[in-house]
Each structure stands twice: as structure tokens, then as C-alpha cells.
Amino acid sequence: MNIFILDEIVVKPDRAAEYRRAYATRYVPGAERRGMRLAGQWQTPPVRDFAGVPTTLFYLWTVDGVAGWWAQRMSKLPDGSDERFEKLAWWQDSDMMTLSRKRRMLSDQPETA
Amino acid sequence: MFVSLRLITLPPQREAESAPLASRLREAAAELAGLRSCWIAPVSPVAAINAGHVVWRMNFATEREALAVTLDPAWQGTVRGLLDGANVSHVGYRVTRSAVRPAAGGIWRALVFRVMPHGFPDGARALDDALLLMPAHVSTIRSWALSRVSVCEGPKAYTHVWEQEFDSLDGLTGEYMAHPVHWGVADAFFDAEFPEYIVDPQLVQVIGAIDRTIME
């Protein structure tokens, strides 16, 4: 089963470039170490940021089924300690740049008859 | 129905005493007034989180009886001495949302947790709704109760107790964990990566073997 994790992040006006850099350098490496694979990243308004206008960023991740989902959820640091506090620190810090945020779990649609 | 749930943590040099302590507490509990039923067991080390060594769950008709039990002569004379030197976390809660299907042996599991202050009231209500989806969809849950804590003694101000009974541990580690209503809906409140995150990570998961339904 394919499981997707979709981050939808509304960034404060004029902070989008800063947020994208922070996500790429502070979040992506750890997520990949936890087995998440970045399948796509998009934004709206499209093409470029506009001064004074919030930008909504979308990051779509995949994990290897339910086992892969729990592996990233229950991840440990190299020393064996719980990683959740590092993950929380990232989101608390980065949320200072955002107006709102959603994270949703997605899957393929069930087959219809 | 009012439940008193105690989690007893022994000091390191006494950890091997959990089974005899459970046995002696059972004998003492038989003398306590007001007790409708009682279950005491060593904590299963499987999947235990901050659960201590012995779990003691008592059913009372009322909160008043539950609060009075520590003044009972049997408690003062015996139980207090048995618990001397141990850390005891105690939560008391009225059981209002539950469904119990009496059955034979299996496992009882409880998640005891604290919703952080910023989670009240809206997040806590949404969390309740999400957890209550689980017994409707996870077929291995044979009994359950979701309760708000009204009495709390110990180092942590727990707010919720989420109990289930399963026919076997597989019911918890299998379908319960793998079901999309768990990882796709309810877990958001426990996962530090979600904006819905409201549950203090210092929670308790306690599991014990039962030979019959202990949830009334």
C-alpha cells in the first residue's frame, strides 16, 4: 500500500524563500533518514512569490506502507533516544514563519466496482 | 462506575518482587470495603511505556467509596506497608463512555495520558471523537472505555485513560496498530509533527494478562 504524507503550509507574506530554505536544510535530511521520500513540492500562487501575499507550500512524502509509516513516527536518534523532541523543535521554530499548517495522510483510492 | 487505577513502580533493587507484591496486594484487597471488583497483575514488559511493575485496577460504585478506601483499616494496616518505598501513580475516573463485551482471557491495555493545556477544550474534544472511531472500526477491540480523569496523584497530571481489552496481544500489535483510522486519523493528536498535537509525550502504556473481562 502506498501511503503519502502531505504537508500544506501557509507561509507569512515575504517569508516563503526563507521557509523553503529552512525546510530543505533542517527538515528534509532528517525525514529522509527516517525513511520518508520526497515525491514532490509545489506552491501557490504558482511560479513565484508575490510581495505582501502569503505563499502556500505543499510537500508530498511517501513511506513504505504501514510499517514505513510507523518507522518514521517512532524514529530514534543515532544514540537510540526518542527523536520526537527534535521533530517538535523544528515545527515549533518553523511555525513562527507560518500562518497555518496541515499535515494529512493520503493513500490510493479504494478500487470501485 | 468509578475506577481507581494505580501503577506501582518498585525501586531498582526490588523489581523482582512484582509477582509476590501483586499476590500480597490481592490478599489485602479482599479485605477492603466498598470494592466491587479488583484486578492486580504484574505489568507485561511487552510494549510497556512508563508503566511501572504492578498494575492495580479497582471498580467502585462511586467516587466517594474510591476516595475512602485509603482510610480503610485493611489499607492502613497492610496495603500502606506493602506500597512503602514504591512510587505510585493513581488516576481515578468515572466510566461514562464504554462498551464491554464479557469474555474469557486476553489482555487489558490502557493508555494514560495528559492533554496539554493548550489542547482544551477543542483539541481534547476532537481527540475524543477520533479515539471513539477506533472501536467502531478495529474489530479486535472487544471492550473499551474512554474516560476523563477526576482524581490524579503522582508526578504527572494525567487527564485521560483509554482502555481496551483484546483476545490476545496480536489484536493490539496487529489490527489496532495497522488500521488506517489509527495512523491516519487518531494518531495526529499524539504525533509531534502534526498541528493537532496536544498529548504530552510522557504517557503511560500498560498491558496485563487477564483471565476474564475486568472492565464492568
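# Strands, contacts and cores

Me: What makes β1(B) and strand β3 (residues 54-60) of chain B a pair?

Reply: β1(B) and β3(B) run antiparallel and are joined by seven bridges. Two strands pair if DSSP finds at least two bridges between them, so seven bridges meet the rule. In that pairing, B:Phe2 stands opposite B:Phe60. B:Phe2 also stands opposite B:Arg94 in β4(B), and β1(B) is linked to β4(B) by eight antiparallel bridges.

Me: Before we go on, what am I looking at?

Reply: This is a predicted model, where local features need pLDDT of at least 70 and side-chain atom pairs count only at pLDDT 80 or more, while totals for chains, interfaces and linings use all residues. Residues are numbered from 1 along each chain as its sequence is written, and chains are lettered from A and ligands numbered from 1 in the order in which they are written. The helices (H or I, at least four residues) and strands (E, at least two) are DSSP runs, numbered from the N terminus.

Me: Why is A:Val10 called partly exposed?

Reply: Count the other C-beta atoms (placed from the backbone) within 10 Å: 20 or more is buried, 12 or fewer is exposed, and in between is partly exposed. A:Val10 has 15, so A:Val10 is partly exposed. A:Val10 sits in strand β1 of chain A.

Me: And what makes β1(B) mostly covered?

Reply: Seven of the eight residues of β1(B) are buried.

Me: How do you know which strands of the chain A sheet are at the edges?

Reply: The open sheet is antiparallel, with its four strands in the order β2-β3-β1-β4 (chain A). β2 (37-44) and β4 of chain A each have a single partner strand, so one side of each lacks a neighbour in the sheet. On average, neighbouring strands are turned by 15 degrees against each other, direction ignored. Helix α1 (residues 16-33) of chain A packs on this sheet, touching β1, β2 and β3 (55-64) of chain A, and its direction makes about 10 degrees with that of β3(A). For these angles, axes are lines fitted to C-alpha atoms (for helices, over the stretch in contact), and angles run from 0 to 180 degrees between N-to-C directions.

Me: What counts as a contact between chains A and B, and how many residues take part?

Reply: Two residues are in contact if their C-beta atoms, placed from the backbone, lie within 7 Å. By that rule, twelve residues of chain A are in contact with ten of chain B. On the chain A side, α2 (65-73), α3 (84-94) and β4 (98-107) each supply at least two residues.

Me: What makes a group of residues a nonpolar core here?

Reply: A nonpolar core is a set of buried Ala, Val, Leu, Ile, Met, Phe, Trp, Tyr and Cys residues joined through C-beta atoms within 7 Å. The largest one has 57 residues, and B:Leu25, B:Ile40 and B:Phe189 are among those with the most contacts inside it. This core draws at least three residues from each of domain 1 (2-94) and domain 2 (97-210) of chain B. Another core lies apart from it, with nine residues, including A:Tyr23 and A:Trp69.

Me: Where do those domain bounds come from, and how far apart are the centres?

Reply: The bounds come from an automatic or database domain assignment. The centres of the two domains of chain B, taken over C-alpha atoms, are separated by 21 Å.
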